[in-house]
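Here is a short tour of the model you are about to see. Keep the viewer open and follow along section by section.

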Amino acid sequence: MLFSTRPKEDRKDLYDREKEIEMIKDSIFRGEWTAVLGIRRIGKSSVVNVSVKESGSIPIYVNLTRLNTTKKKQYDKASFLSLLLESTNLTIRNYTFLGKISRIISNIVGLEEVDFSSLKVKGKLKKIDTKDLSYLFLELDRLAKDNRKKVTIVLDEAQELSKIAGINFPSLFHDIYEECNNTVVIFTGSMIRILESTLKDIEYQEPFFGRYIRKITLERFTKDQSEDFLTKGFEEEGISVDKQIIDEAVQKLDGIPGWLTIFGSEYSFAVKHGQKPRIDDIVSKAEEEAKSEAKNFLENSQSPLRYSAIILALDRLGGTGELKEIKKVSSTILDEEIPEPRVYELLNRLVDYTLVEKIDDKYSLPTDEPNRKGIV
Ligand code: ADP
Ligand code: MG
């Protein structure tokens, strides 16, 4: 069903994205590492799911948003390790020939028993280094190869890798890239700029240096595609909807498949149960989500007050300002002198998170075009 609100698994439930799926499948086939970039709810997980499934490779999905942060707003190594082992273990169950991996995992953590369901390793953890992880992937690769299979490791929301302390990723990825000829890594991420810079850090550091990660960006649906998507979806649901309502939804939901899907699903549900559906409810949900994402970023940063002061300063300056002005106003707001290079650094970070836009020497709060409001 086009309007099913979970990430899609099958191509029949997915609207378009044919080109992207072929590119990802081709990359898996050729062993080219790939990053799939795109804002939240654009369809990254769905497109990757379908591509990996159709590629016939063994999938290991690692959802990095499930890591637990420490007080220092970083993730610890143990949390990453448990997540990785749990994700691997989930896959192993479906492939009997991978059974041996469970023993290797127990050996790596130095324990008889690993409780994957609660993401915890019981007892005291052996000191694990990057080489242990490389060994795990090497074994996976070898067992898969013996069974004429490829392995695809999907690192979902991979910008989070930059917050994991104590693991040398350029080294781990180098080992996987060089020694696991049947293994491909796919990165996805919603924080596009952050993921790009995380990947750059990996690509430009020895020993990974010199290897390339292909980038595929998922764009919003065009107006025509949005309209066609909704029309086909409603047909599938067996309900007829006025063109005017479809036009309004297309205009307000701005080509984001996830919001179009929720609209389609909620609208169909309401109509079928004799209720009056409202597009604006969905739009407010989208705005709330964008706001809470920004809030979450600010709260999890090292300097929430300074970030907030900068955003407030921009607001007081009418939405746009140059570095010097922003420094002056934000220092006044906080009643504390923030050095200009620090303001510059914080501003660029906000630009990375798309909370602020930069054009030439001017910084601005994102514009509130009627059809973009809050959803970006
Ligand atoms: P992301 O991983 O980018 O946040 P998801 O793959 O989770 O996005 O998709 C968000 C929502 O939108 C899901 O409900 C999914 O079913 C739907 N969706 C995304 N892209 C499409 C598409 N091309 N066709 C149909 N539904 C889609
Ligand atoms: Mg996703």
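## Around ligand 1

Which residues come nearest to ligand 1? Of the 23 residues around ligand 1, these are Thr5, Arg6, Lys8, Lys44 and Ser46, where a residue counts as near if one of its heavy atoms lies within 4 Å. Before going further, please note that this is a predicted model, in which local features need pLDDT of at least 70 and side-chain atom pairs count only at pLDDT 80 or more, while totals for chains, interfaces and linings use all residues. Residues are numbered from 1 along each chain as its sequence is written, chains are lettered from A and ligands numbered from 1 in the order in which they are written, and side-chain values use heavy atoms, with hydrogens and water left out.

Oxygen atoms of ligand 1 have several N or O atoms of the protein close by: a side-chain atom of serine 46 at 2.6 Å, a side-chain atom of serine 45 at 2.9 Å, and a backbone atom of glycine 43 at 3.0 Å. The protein covers 92% of the 550 Å² of accessible area that ligand 1 has on its own (Shrake-Rupley method, 1.4 Å probe; for residues, only the protein chains shown count as cover).

## Who supplies the shell

Helices α2 (44–55) and α10 (257–272) each give at least two residues to the shell around ligand 1. Helices here are DSSP runs of H or I with at least four residues, strands are runs of E with at least two, and both are numbered from the N terminus. At least three shell residues come from each of domain 1 (17–217) and domain 2 (223–289), with bounds taken from an automatic or database domain assignment.

By class, the shell has nine nonpolar, seven polar and seven charged residues. Ala, Val, Leu, Ile, Met, Phe, Trp, Tyr, Cys and Pro count as nonpolar, Asp, Glu, Lys and Arg as charged, and the others, Gly among them, as polar.

## Aromatic pairs

The structure holds 18 aromatic pairs (ring centres of Phe, Tyr or the six-membered ring of Trp within 6.5 Å; planes under 30 degrees apart are stacked, over 60 edge-to-face, the rest tilted). Phenylalanine 173 and phenylalanine 187 are edge-to-face, because their planes stand at 85°, with centres 5.6 Å apart. Since phenylalanine 173 belongs to helix α6 (residues 169–179) and phenylalanine 187 to strand β6 (residues 183–189), the pair ties together parts 14 residues apart in sequence. Phenylalanine 173 is buried at 3% relative accessibility, and phenylalanine 187 is buried at 0% (buried means under 20% relative accessible area, exposed over 50%, partly exposed in between; 1.4 Å probe, protein chains only).

Another edge-to-face pair joins phenylalanine 221 and phenylalanine 229, at 5.7 Å centre to centre and 65° between the planes. Both of these rings also belong to a cluster linked by ring pairs, made up of Phe3, Tyr15, Phe221, Phe229, Phe234, Phe263 and Tyr267.

## Backbone details

Aspartate 16, in the segment before α1, has a positive phi of about 55° and is partly exposed at 34%. Glutamate 157 also has a positive phi, near 55°, but is buried at 14% relative accessibility. The peptide bond from glutamate 206 to proline 207 is cis, with omega near 0°, and proline 207 sits in the loop between α7 (192–203) and β7 (214–217).

Conventions:
A polar contact is a pair of N or O atoms within 3.5 Å; within protein, one must be able to donate a hydrogen and the other to accept it, and residues adjacent in sequence count only if both atoms are side-chain atoms.
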